[in-house]
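Biologist: Please take a close look at the pockets for me. I'd like to know what surrounds them and which parts of the fold they share.

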Amino acid sequence: MNTYLVADGGGTKTEFLWFREDGTVLATARAGGSNAVFIPPEKAAANVRHGIRSCLAAVPEQTPPRTVLLFIPGFAGALDILRAAPDMHDIRLMDDFWNAFYGALGVSCGIVALAGTGSFVAGRQKDGPLVTVGGWGPMFGDEGSGYRLGVLCLKAVTRRYDEGKSGGILTEHLLRYMGIEKVLDLQTAAYRPTFTREHVAQLSFVVEQAAREGDGEAAKLFDILAAELVEQVCCLAARLGGGALPVSATGGMLKAGAWFSGAFERALARRAPELIYASPKYSPLLGGALYLMAEQQGVDIADGRLAARLAHGLAQAPKVQL
């Protein structure tokens, strides 16, 4: 029986899954980061190489994997280093969108809104091409993203100041995060070269904390953010020809929990009741396995049995920490 291996990685960790074509999990492992944008390419390649070899060593009598797919952003600069090893030449690097898509939906059709530092929406009808909306970056896009929420936070605090209102939970948290004493100091602090797009996106945690502490204005920012992202979803749904498609969201904004996911679900129900909200079903690692079987091997995964078996195996398998 054929076996396959997939890896899902980022700046801090990389996870590996080796499995049979029937969904039986053979081995899993977890290693250090592999995004070569944030760590040296040699280190990224070494972490991936170590993870793959550790999986294969766990079941040495098993047939080696027929295919190895990596879903790792920023790994392109380390790929040739990895392939230089004698047992690592037959490895492919894939767009990390695909494992997020299959992980969120568990099937090959539907719509996924990816909301992290930036944002875009992608989807497809059954057996149709992938269509994307958004992804235009911070200057004229990024609706529903952490960056956009950070901008909304800055605008809310400065608007409150302009209206002659002082204090407030959101203002207090923002000033503390920025390391400044007065709202007027934002005129300098927010334009420092070191205050990057990523730092603006980190303000999403400031908004979440203020909302948790009862700041109604902070909570409303999540509603605004979700409504903008849903507009992108509706634009995509129209391009796909409509219908009762499942819609899920994934990405770093989900770390805000119900403040974001709840607002997104409510906004979708109001704006497009024909679309069906679905909480993310599986991890991106399992999504990589589903992508491989559906897109690379032509397996019909619609009944969910393959995903269920993989999920059960992942839950039961001991994870080798490297």
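Modeller: I'll start with the second largest pocket, whose lining splits into 11 nonpolar, three polar and three charged residues (nonpolar is Ala, Val, Leu, Ile, Met, Phe, Trp, Tyr, Cys and Pro; charged is Asp, Glu, Lys and Arg; the others, Gly among them, are polar). Bear in mind that this is a predicted model, with residues numbered from 1 along each chain. Local features need pLDDT of at least 70 and side-chain atom pairs 80 or more, while lining totals use all residues, and side-chain values use heavy atoms, without hydrogens or water.

This second pocket holds about 390 Å³ of space. Leu154, Thr158, Leu186, Ala190 and Tyr191 sit closest to its centre, out of 17 lining residues. H4 provides the largest share here, with seven residues.

Now for the largest pocket, with a volume of about 1,700 Å³. Gly116, Thr117, Gly251, Gly252 and Lys255 are the closest to its centre, among 41 lining residues. (On a 1 Å grid, a pocket is an open set of points for a 1.4 Å probe, with protein on both sides within 12 Å along at least five of seven lines; lining means an atom within 4 Å of a point. Volume is the space filled by probe spheres on the joined points.) The lining of the largest pocket comes out as 15 nonpolar, 18 polar and eight charged residues. H7 turns up again, and its seven residues are the largest share of that lining. The elements supplying at least two residues each are strand S1 (3-9), H3, strand S6 (110-115), strand S7 (119-124) and helix H7 (197-212).

S6 and S7 form a hairpin with three residues between them, and they pair antiparallel over six bridges (pairing takes at least two DSSP bridges). In that pairing, Gly110 stands opposite Arg124 of S7. S7 also pairs with strand S8 (residues 131-134), again in the antiparallel sense, over four bridges, and there Ala122 faces Thr132 of S8. Six residues separate S7 and S8 in their hairpin, where Asp127 takes a positive phi near 65°. With partners S6 and S8, S7 is mostly covered: five of its six residues are buried (under 20% relative accessible area with a 1.4 Å probe, protein chains only; exposed is over 50%).

The whole structure has 14 aromatic pairs. One of them joins Trp98 and Tyr102, with ring centres 6.3 Å apart and planes at 40°, so the pair is tilted (centres within 6.5 Å make a pair; under 30 degrees is stacked, over 60 edge-to-face, the rest tilted). Why are these two about one helical turn apart? Because Trp98 and Tyr102 are four residues apart in helix H3 (residues 97-105). Trp98 is buried at 16% relative accessible area, and Tyr102 is buried at 0%. They belong to one aromatic cluster together with Phe71, Phe97, Phe101, Phe120 and Tyr291.

Notes. Phe/Tyr/Trp six-rings, centres within 6.5 Å; stacked < 30°, edge-to-face > 60°.
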